[in-house]
Amino acid sequence: MPTPPTPAVATAPTLPPVAPPPPPRITASAWGLLLVLATIWGTSFILMKKGLVVFSAMELGAARVSIAALLLLPFALRNVRRVDAGRYKWLLLSGVVGTFFPAFLFAYAETKLASGLAGVLNGLTAVFTLVVGAVLFGQKLTSLRVLGIALGLVGTVVLMLLGGSGGAATPSGDSNAWYGLYIVAATIGYGISVNVIKQHLHGPSPVAVTSLTLLSIGPLGLLYLFGFSDFTHKLATVPGAWTALGYIALLATMSTAVAMVLFNKLIQQSTTLFAASNTYLIPIVALTWGVLDGEAFNLWHLLGMVIILAGVFIIHRAK
């Protein structure tokens with residue numbers, strides 16, 4: 001008997017592989033935001049130093065968070081029902097590790113570190129943004145990016161260990177590198193927060209993200225400030241307390257409330273690595289303010305800044 005023909009089997013058409021979406025194009029607007037943020041955040045360290053003349057590190061951190069939360073409270077109330085309930089855990093995480101704890105850690109570090117050196121150590125944010133992104137979110141690492149990050153870190157080390165003390169204007173009269181560990185902890189929190197915002201909070205507007213993040217942590221700051229500190233007593237009795245509060249209010253307004261809105265917008269317009277690279281420019285602004293306030297400046301500071309800027313250039317040329 002002849003063999004019956006084998007019925008044809010229908011096969012699905014072969015589809016071409018889907019190419020991954022291209023990385024966001026870094027626009028002139030993103031570069032502008034980067035420079036504005038570097039200026040605002042670079043100024044924050046001298047403002048903390050002025051606030052610490054009267055208030056403790058805990059009081060400064062709590063006041064900073066509380067004032068910023070109150071400033072953006074109307075925006076938070078407007079957006080509280082517009083954000084999916086599932087995002088609130090990410091808002092809380094970003095607020096705690098990226099705003100609340102760093103506000104205290106930086107203030108405590110500046111009780112012993114010069115403001116300029118504190119600004120320099122802030123550059124570690126880019127390092128931990130890359131590490132967290134690679135470990136937890138699958139961010140691509142390239143040899144050039146690693147080289148750029150390494151150069152930024154080397155520049156930071158040069159400035160911290162070889163740049164000398166902050167001079168007589170340092171709160172303690174001497175720099176103390178060990179207090180830099182508080183800033184290291186804060187920058188790890190920043191690195192986590194940057195990646196959380198990029199991965200889980202990219203839908204809501206920057207104002208919504210910032211205001212709701214501050215709403216989640218603001219009550220904690222107010223509770224400590226008015227329930228467990230001498231904040232109100234110092235305002236009533238210590239000379240210069242209102243002036244110091246003015247510096248803290250400016251810090252909260254510009255460096256926490258306004259800058260966080262701009263930073264969240266920058267993250268949404270670019271990449272996490274580009275957004276975090278503003279911390280490479282912050283030391284230049286911070287050191288400039290420190291010099292104007294009498295802190296030491298030497299050739300090691302200059303060398304460290306040159307190395308940091310070289311790292312920034314390499315990072316943004318890396319593919």
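Colleague: Which residues of α2 meet α9, and what makes such a meeting a contact?

Modeller: Met58, Glu59, Ala62, Ala63, Val65, Ser66, Ala68, Ala69 and Leu70 of α2 meet Leu214, Ile217, Gly218, Gly221, Leu222, Tyr224 and Leu225 of α9. Contact requires heavy atoms within 4.5 Å. The model is predicted: local features need pLDDT of at least 70 and side-chain atom pairs pLDDT 80 or more, while totals for chains, interfaces and linings use all residues. Residues are numbered from 1 along each chain as its sequence is written, and side-chain values use heavy atoms, without hydrogens and water.

Colleague: Why is α2 called oblique to α9?

Modeller: The two helices pack at about 135°, with axes 8 Å apart. That angle makes α2 oblique to α9, since the term covers what is left after under 35 degrees (roughly parallel), over 145 (roughly antiparallel) and 65 to 115 (roughly perpendicular). The crossing of α2 and α9 is left-handed.

Colleague: What makes α9 and α11 oblique to each other, and which residues do they bring together?

Modeller: Their axes come within 8 Å and cross at roughly 130°; α9 and α11 are therefore oblique as well. This crossing is right-handed. Pro206, Val207, Val209, Thr210, Thr213 and Leu214 in α9 meet residues of α11, including Thr256, Met260, Asn264 and Lys265.

Colleague: Why is lysine 265 called partly exposed?

Modeller: Its relative accessibility is 39%, so lysine 265 counts as partly exposed, a class between buried (under 20%) and exposed (over 50%). Lysine 265 lies in α11 and, beyond its neighbours within four places in sequence, is in contact with Leu33 and Pro206. Lysine 265 and proline 206 are 59 residues apart in sequence, yet their C-alpha atoms are 5.2 Å apart.

Colleague: Is serine 193 buried or exposed, and what does it touch?

Modeller: At 7%, serine 193 counts as buried. Serine 193 is located in α8 (residues 180-200), and its contacts, apart from neighbours within four places in sequence, are Ser94, Val97 and Gly98.

Colleague: Which residues of α9 are buried, and what covers them?

Modeller: Among them are Pro206, Ala208, Thr213, Ile217, Gly221 and Leu225. Their cover includes α2 (57-71), α3 (73-79), α4 (88-109), α10 (231-237) and α11 (241-269).

Colleague: How do you know that the span of α9 agrees with its number of residues?

Modeller: At 1.5 Å a residue, the 22 residues 206-227 should span 32 Å, and the end C-alpha atoms are 31 Å apart, so the values agree.

Colleague: Where does α9 bend?

Modeller: The bend, about 40°, is at isoleucine 217, and proline 219 follows within four residues.

Key
Expected span 1.5 Å × (residues − 1). Bend = angle between axes of the 7 residues up to and from the residue. Buried < 20%, exposed > 50% of the residue type's maximum accessible area, 1.4 Å probe, protein only. Axes fitted to C-alpha atoms, helices over the stretch in contact; angles between N-to-C directions. Left-handed = near helix turned anticlockwise from the far one by under 90°.
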